[in-house]
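Hi there,

Here is the structure I promised to pass on to you. Have a look at it first, and then read on for what turned up in it.

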Amino acid sequence: MKIVGVAACTVGIAHTYIAQEKLENAGKKAGHEIHIETQGTIGTENELSQEQIDAADIVIIAADVKIAGKERFEGKRMIEVTTEIAVKSPNKLIAKAAEVIEKK
């Protein structure tokens with residue numbers, strides 16, 4: 001499965017980057033290709049390319065604030081959660097993404 005996503009928290013520091021790390025580690029551990037863009041206090045990092053978005057099976061938005069560029073994901077299956085869920089339960093979130101894909 002190919003997963004892309006965005007992490008963004010209210011302050012744009014800790015939870016943004018922790019959510020990114022936890023999701024990427026959980027996705028890779030489960031054998032998936034995963035790329036998470038961060039939208040933090042220093043701006044957008046690890047910006048997703050249109051090719052990555054087009055190839056993605058699902059999009060995970062782990063955010064506590066409105067993200068920039070959400071329209072890029074129009075037409076894609078999407079899961080939206082808070083950064084807290086991504087930080088505390090990344091493995092469950094990746095498993096949920098797999099379930100959504102299987103239910104096509």
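**What is in the model**

The protein chain has 4 helices and 5 strands. Please keep in mind that this is a predicted model. If you follow the chain from the N terminus, its elements come in the order β-α-β-β-α-β-β-α-α.

How does the radius of gyration of the chain fit with a compact globule? For 104 residues, such a globule would have a value near 13 Å, and the protein chain has 12 Å, which agrees. Along the principal axes, the C-alpha atoms fill a box of roughly 35 × 25 × 20 Å.

Of the 104 residues, 43% are buried. The accessible surface is about 5800 Å², and carbon and sulfur atoms hold 49% of that area. Contacts also tell us about the fold: among those with a separation of 6 or more, 61% are between residues 24 or more positions apart.

Which residues of α4 are buried? They are P90, L93, I94, A97, A98 and I101. Looking down the axis of α4, you would see these buried residues within an arc of 145°, so they line one face of the helix. K92 and E102, on the other side of α4, are exposed.

The cover over the buried residues of α4 comes from several parts of the chain. It includes the strands β1 (2–8), β2 (33–40), β4 (58–63) and β5 (78–81), and the helices α1 (14–29) and α3 (83–88) are also included.

**Three buried residues to look up**

With neighbours within four places in sequence left aside, A26 is in contact with P90, N91 and I94. A26 has a relative accessible area of 5%, so it is buried.

T16 is also found in helix α1. Its relative accessible area is 0%, so T16 counts as buried. What does T16 touch, apart from residues up to four places away in sequence? The answer is A7, A8, C9, T38, Q39 and G40.

T83 belongs to helix α3. It counts as buried because its relative accessibility is 2%. Setting aside neighbours within four places in sequence, T83 has contacts with A8, C9, H15, A19, A62, A63 and D64. Between A26 and T83 there are 14 Å from C-alpha to C-alpha, and the two are 57 residues apart in sequence.

**Charged pairs**

Side chains of opposite charge can pair when their charged atoms come close. How many salt bridges does a search of the whole structure find? It finds 3.

One of them joins R72 and E37, whose closest N and O atoms are 3.0 Å apart. This pair links distant parts of the chain, with R72 in the loop between β4 and β5 and E37 in strand β2, 35 residues apart. Is E37 buried or exposed? E37 is buried, as its relative accessible area is 1%. R72 has a relative accessibility of 21%, so it counts as partly exposed.

Another salt bridge is made by the side chains of E80 and K70, at 2.9 Å from N to O. E80 lies in strand β5 and K70 in the loop between β4 and β5, so the pair ties together parts that are 10 residues apart in sequence. E80 is partly exposed at a relative accessible area of 49%, and K70 is partly exposed as well, at 34%.

There is also a salt bridge between K88 and E84, with the closest N and O atoms 2.9 Å apart. Why are K88 and E84 separated by about one helical turn? They are 4 residues apart in helix α3, and that places them about one turn from each other. K88 is exposed, with a relative accessible area of 61%. E84 has a relative accessibility of 44% and counts as partly exposed.

Enjoy exploring, and write back with any questions!

Best wishes

Note on methods. Residues are numbered from 1 along each chain as its sequence is written. This is a predicted model: local features need pLDDT of at least 70, side-chain atom pairs count only at pLDDT 80 or more; totals for chains, interfaces and linings use all residues. Side-chain values use heavy atoms; hydrogens and water are left out. Buried means under 20% relative accessible area, exposed over 50%, partly exposed in between (1.4 Å probe, protein chains only). Helices (H or I, at least four residues) and strands (E, at least two) are DSSP runs, numbered from the N terminus. The arc is that of the directions from the helix axis to the C-beta atoms. Contact means heavy atoms within 4.5 Å. The radius of gyration is taken over C-alpha atoms; the globule rule is 2.2 Å times the number of residues to the power 0.38. Accessible areas come from the Shrake-Rupley method with a 1.4 Å probe; for residues, only the protein chains shown count as cover. A salt bridge is a side-chain nitrogen of Lys or Arg within 4 Å of a carboxyl oxygen of Asp or Glu.
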